[in-house]
Amino acid sequence: MRIFSGIQPTGVLHLGNYFGAVKQWVELQTPENFCIYCIVDYHALTNEDTVPEVLRKNRVELALDLLACGIDPERSILFVQSAVPEHTELCWILGCVTSFGDLTRMTQFKQKAKDQEFVNGGLFYYPVLQAADILLYLADHVPVGEDQLQHLELARRIARRFNWRFGEFFPEPEPILGKAPRLMSLADPSRKMSKSYGPDHYIGLMEPEEEIWRKVRTAVTDMGLTPGQEMSPGVANLFTLLELVAPAEVVEEFRQAHAAGKLLYKDLKETLFRYLMEALRPIRERRRELEEKGEVEEILAAGAEKARRIAREVLGEVRARVGLD
Ligand code: TYM
């Protein structure tokens with residue numbers, strides 16, 4: 001498989017990003033796959049709060065987080081989007097085979113546009129740039145969380161339309177969903193875990209341990225413990241997390257206790273916290289080591305060089321096909 005995926009440098013890597021996407025990125029790094037992972041800073045500019053010095057800092061911080069999670073620059077290409085300006089040129093060309101109607105139907109755009117007063121054009125065009133990211137490397141598989149499925153469907157439509165107009169060229173990229181394609185907020189389990197709703201709505205991988213415990217301890221559950229009671233969304237979300245970090249026997253024990261109406265949520269939370277910290281500890285330690293080593297800039301520069309070589313070649317072919325050569 002030819003794998004591409006991206007993540008925005010918007011501050012913190014949270015459990016939703018990790019279990020929804022990045023863990024798959026790490027696991028997909030096998031000799032059979034060609035993996036390209038991108039820190040999408042052009043996309044982050046669509047966020048009105050993005051300040052230049054913070055964007056610079058966040059890019060490096062995110063690269064350190066990704067390396068700590070196990071992205072291996074020997075086996076994958078890791079780079080920053082803006083170091084390869086071909087992304088924006090392909091974005092323009094693909095925009096000309098994108099349906100305006102399709103763009104107006106993107107739920108993420110509609111949601112964001114509803115929530116803010118000034119809606120920039122970049123926000124509207126965002127999914128075209130995302131399609132360009134993927135197609136620039138002729139990627140056929142994209143590991144993402146569920147919230148990106150609609151953008152990926154659009155990328156396929158764009159590829160199809162380009163191929164129809166200019167001859168078969170782009171593959172139609174397929175999503176790869178992990179075990180937790182939609183992790184919910186612990187403070188409000190009706191919403192997905194996300195930075196956009198504020199710090200109580202996500203758990204950062206590198207947050208202080210006390211803060212993680214506070215967020216797990218105060219996670220929304222429910223009142224009743226009647227035998228056979230259906231799981232409320234908050235409790236189901238805690239079980240999803242437990243399944244990701246604890247052995248199957250432990251999860252089963254808790255499931256049975258819940259079914260019998262004997263589960264103490266305090267025990268569930270304490271156990272979840274313990275296993276979660278166990279899973280995060282090696283990542284957090286590696287993060288500290290990497291920070292001391294200070295090689296991240298070189299890793300990103302080498303990644304950008306490799307990415308750019310592919311990007312130039314593909315874009316050259318695109319320019320020729322559309323008549324811009
Ligand atoms: P971003 O930066 O919002 O998120 C990065 C990845 O994390 C996943 N994710 C989640 N998965 C499960 N549960 C959650 N609560 C959760 N929150 C986030 C996202 O689905 C994503 O896979 N538009 C993209 C970035 C992008 C991209 C691309 C992705 C730009 N170009 C090309 C794939 C291919 C985004 O904003 O992801």
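**A ligand in its pocket**

The ligand takes up the space of the largest pocket. Here a pocket is an open set of points on a 1 Å grid over the protein atoms alone, with protein on both sides within 12 Å along at least five of seven lines. A molecule sits in one if more than half of its atoms lie within 2 Å of its grid points. This is a predicted model, where local features need pLDDT of at least 70, side-chain atom pairs count only at pLDDT 80 or more, and totals for chains, interfaces and linings use all residues. Residues are numbered from 1 along each chain as its sequence is written, and side-chain values use heavy atoms, with hydrogens and water left out.

Look at the shell next.

Now the polar contacts (N or O pairs within 3.5 Å). A polar side-chain atom of Asp147 is 2.4 Å from a ligand oxygen. The protein buries 95% of the 710 Å² that the ligand exposes when taken alone (Shrake-Rupley method, 1.4 Å probe).

The whole structure has 22. One pairs Arg319 with Glu89, with closest N and O atoms 2.4 Å apart. Arg319 lies in helix α13 (residues 296–322) and Glu89 in helix α4 (residues 86–95), so the pair ties together parts 230 residues apart in sequence. Helices are DSSP runs (H or I) of at least four residues, numbered from the N terminus.

Technical notes: Polar contact = N/O pair within 3.5 Å; in protein donor to acceptor, adjacent residues only side chain to side chain. 1 Å grid on protein atoms, 1.4 Å probe; cavity = no way out; pocket = protein on both sides within 12 Å on 5 of 7 lines; lining within 4 Å. Salt bridge = Lys/Arg side-chain N within 4 Å of Asp/Glu carboxyl O. Helix = DSSP H or I, 4+ residues; strand = E, 2+ residues; numbered from the N terminus.
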